[in-house]
Structures are given as structure tokens and as C-alpha cells.
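Subject: Structure for you to look at

Hi,

Here is the structure I promised. Please open it first, then read my notes below.

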Amino acid sequence: MENQKQKVVTRFAPSPTGYLHIGGIRTALYAWAYAKKNNGTFILRIEDTDKAREVDGSIDHIIKSLKWLNINWNEGPDIGGPHAPYKQSERLESYKKYAQILIEKGYAYADPYTEEEVEAFRKKADEEKRPFLYRDHRPENPPVWDGTKPLRFKVKDIKSYEWNDLVRGKLSAGPEALDDFILIKSDGYPTYNFAHIIDDLEMDVTHVMRGDEFISSTPKFLSIYEALDIKRPEYATLPPIMGPDGKKKLGKRDGAKDFLEYEKEGYLPSAMLNFLAFIGWSPKGEKEILTSDEFIDLFEIEQIHISGGKYNEEKLDWINKEHIKLLGENELEKYVFAWLPIELQIKKIIPVITERISKFGDIKTMVENGELDFFYKEPVYEASKLIYKDTDKDKTISNLKEVLEIIEKTEEFQFNKDNIKIFLMELADSKENRGQILHPIRFALSGLDKSPDPFILTDILGKKETISRINKAISVLSQEM
RNA sequence: GGCCUUAUCGUCUAACGGUUAGGACAUCGGCUUUUCAAGCCGGUAAUCCGGGUUCGAUUCCCGGUAGGGUCACCA
């Protein structure tokens, strides 16, 4: 029945021409979320009709990227489904079938020219500063299509198109946008313009999420739908994502990185999903940290933005930090553990690090900058850094000597962070400010501007190492003469 | 260049004719703590320009400007 609600079917249809970047994944995410939200079907389809641009291993890489984010599909090349196959290169029969229908209806004809000839037409038009239109050169008696020549769509009705887009509203294109375009290339493969329409039809796709680069070719699609007398899916045009300079749409050529790089950089998949969700969409209300389920629940096409913006990796770092806070103790430990160099995979240290990570979030930078090395390696630093604010070198040396005394007389059996804290705080409180005691210890032990507190440090390093590092600090200071 | 399209703090955005133009990130300041962080609190900061329509425009219309997309046997 006409008003019976159709089951929502969305798809993500990448070309296997390399890795996926943020833009591609975002499209997939929205299509997936919309299907999920409506208890619909999400299809993964591979658009491999350009064998020249195909890159080996792309499909696996795409699948891996999607799976990292926990985006799963109901039908796809790896799992099959009722509309198999899910690679366009294996669906040539379908395209041929519909091509034949178009020929019979007088909507398609074989292109008799060579590529060079068409190029010459184009060049001439260019020189004369007028737009090139193939239809100006449309052959009067085209040959019978035998599959060795390109098959072109014949635009019978040259007109403006206006259509509705779920996010942009009314969109339009002038008649100039419409020309006789290629449906099937001379190598027998269909073009995107044709293939995706046939696939969407056969796969019952109801909603198409796509980038704004397709707006201008929409009249082509619409004219095929008209010629074939079939219903088109709804379009939802996603806003462009700009590169970091904010000038150009993000693309591989200018630095858009492989999505899986983010995994290598230590970002949590849940954080990436959250981050991606907000590039081009925002929910009602002011909640910004969302789990995958919350996102699906809140996701509405109406709230997809129309204007593009550049994405902000500073915000990603913050989102990642917030998601780390959401992690359970075990998950956090697992996450941290995976990042630690073997020297640090020690039971006693893990909770200290997880505590730090849950505050700072950025484990990759911490590991790479060697911010955790002090646990097993004597730190190297400048003597001046040991000196707290308005104290001086001599004062610092004498303070450290007092500290040393306390540490030395603390028996091994009572050497733990609680006792040390009591002893050291007592000393610190006897000074004008606590920092002049606490800062040099902390710094002597870690060599870092940011580190765990001095009591934990002494506890983890142990009595012997603590003494050795404080002595080192004193001698470093003394040498500064 | 033709066609299409977009325009709010530095950045990402909220507002669907009436708000002291809200939030977040970043930044700055304060508080707190056990040094530094972290945390908490607070501050600075925006409607591209010009015309309309209206009692009233961020919001609607027109023009300008600036950005983006597209004009392939790529998708």
C-alpha cells in the first residue's frame, strides 16, 4: 500500500581506491545510525567499477576501519545477503539488463567517437570559450551497441531540475548540468552515475547519505529515474568537511589521513565515533559526550548541518579524554597496558598510570614523549628546574638534604606512600611553603613538569632509587657553580 | 568562467521574527589541592557587508563579498 511505511534501507558504498578518511567514515556512520535507529538495514557495497584506480587491499582496509568503530552491516561482500553480490564488478548482468531497457526506450545509444575525437570537441569548445556539451555532437545514426563502445544516456528533455533533499531542502540545477553522459564504459563496466542507481533499486535502498559533490550530478540521476520510470530514494546531502586550513574540502590529496591512523594514535573507537558524529551534526540539547547507543538514539536527519566546517582535533583530544573517563577499571587497564613499553608493564605502576591517563587522556603522547620513562630510567633535567619559585639553589640543596635524611632513616618495612607522606608533609609544613620541599623531590624523581605526586614516586621507585636520585639532584645543583 | 551551494565568538555550534545572542573546545584569570598538573569557578570573545519586508530581524527577500562543490570512459 502507498502509505504503508517502507523499511529503511541505507548503504555505504565506497570505492576500493585506498584507505578511508574521516569524510568517508562519517558518511558510513550516519547511514548506519539512521538504519539502526529505524530498525532498518544497512548495506555495505563496494563500487569497484574503475579498475584503473583500484588499490589492492582496500576492501579489507575499509572493512577494518568500519569494524574498529563497531559499525556493522546486515548485508555486504564479506557476509553476503539477499541482494548479493555486493561488489559492482560482479553485478555486470544487472547493468546490462537495465541498459538494454534504456536502449529500447530510446534513452541510450552507442557513442561512435573515439576518446580523442570527443577530446577534440571539448578542446574546440574551450577555445571558443563556450561550455562543452556532448549533446551538441550527438550522432544522428548511432551504431548498434555491441559493448565495445561507450553507451551514452540520451537526454530527451533538457530542463532544469528541482528536487527535495532531506537536509538541504529544495535544491536545483540548471539545464546546463544535463548532458549525454556515459552509462557503460567501453571496458564494459558501468559508470558510478548508472551503477549506483541500479544497485540502489535492486537493493531497495530508501535513503542515500552522500557528500555534496553529488549535488551537481543529481540531474543525471533524476533523468535516469524518469527514463526507467522508477522511484528514487530520499537524498540526504551531508555537509563538507574542510581541511585544517579551513579553505578546502578535506581530501586525501591534501593530507586527510587514513582513518585507522587514529587507532595508532591512541584514540578510543568510542571517542572517534563521538567526534565523527559531531562533524556535521549536533543533537538537540547540549550534551556533547555520547556513547554509540546514545548517538543512534539522538540521531535525526533534521539536525544534520547544511554548512561545512573544519574539524578540530583539539576537541577530539578532549572527547577522547572524556571517553577514557567513561571506561571501566578493567577496560582502562587493558587500554593502558596495550600502550605501555614492556619496561612499564609492572603491576605496581599500572594504577598510577591509569590514574594519570584518566586525567590527561593522551597516552600516545605520554609514551612517545618519554613522559613515563622515569619509572625505570634516571631522568635527565636542568638543575634550575629543581628550584621552587622564590627559593634559591642553596636553599634547595639544604631542603633536599633534609629530605634525604628522612628517607634514609625510614626503615624498609615502613617505606610506603602513606608513611612517606606523613614524614615529608611534616617537613614541608615546617617551611614557609610546602612547595619548596615537595617540588624538588617530585622533580628530582621524575624530571618532569607534570608527574604523579612525590609520595607515590618514592613508593614506586623504592628507598634505594629514591636516595640515589635525590643525591643526584643535589650533586647536579652543586655543580652549577 | 557557467551552474549549484554556504556564511553566528579563534574553532565547532544553539537560536526555527521578540533572548542580557546560549553551550563546548581553545585562551585568560581565580579558587582548591600535596609541587606541577588535574578538578572547580569565573572572564574576554561572534551574527560578512549593503539594501529591503516588518512594530521588531541572526532568523524572511534581493544584491554584493567571501568560501565550498561541480562541469571525466572518477566516484
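The axes of helix 14 (residues 393-409) and helix 15 (residues 417-429) come within 10 Å and cross at roughly 150°. Axes here are lines fitted to C-alpha atoms, for helices over the stretch in contact, with angles from 0 to 180 degrees between N-to-C directions. Helices (H or I, at least four residues) and strands (E, at least two) are DSSP runs, numbered from the N terminus. Helix 14 is therefore roughly antiparallel to helix 15 (the term covers angles over 145 degrees). On helix 14 the contact uses E402, V403 and I406; on helix 15 it uses F423, L424 and L427. Contact means C-beta atoms, placed from the backbone, within 7 Å. Five of these residues are nonpolar, none is polar and one is charged. Ala, Val, Leu, Ile, Met, Phe, Trp, Tyr, Cys and Pro count as nonpolar, Asp, Glu, Lys and Arg as charged, and the others, Gly among them, as polar.

This is a predicted model: local features need pLDDT of at least 70, side-chain atom pairs count only at pLDDT 80 or more, and totals for chains, interfaces and linings use all residues. Residues are numbered from 1 along each chain as its sequence is written, while chains are lettered from A and ligands numbered from 1 in the order in which they are written.

Now the RNA. Around RNA strand B there are 64 residues, and K185, Y192, S307, G309 and D453 come nearest. A residue is near the strand if its C-beta atom, placed from the backbone, lies within 6 Å of it. Helix 16 gives the most to this surface, with four residues. The surface holds 19 nonpolar, 21 polar and 24 charged residues.

Best wishes

How values were computed. Angles under 35 degrees count as roughly parallel, over 145 as roughly antiparallel, 65 to 115 as roughly perpendicular and the rest as oblique. Two residues are in contact if their C-beta atoms, placed from the backbone, lie within 7 Å.
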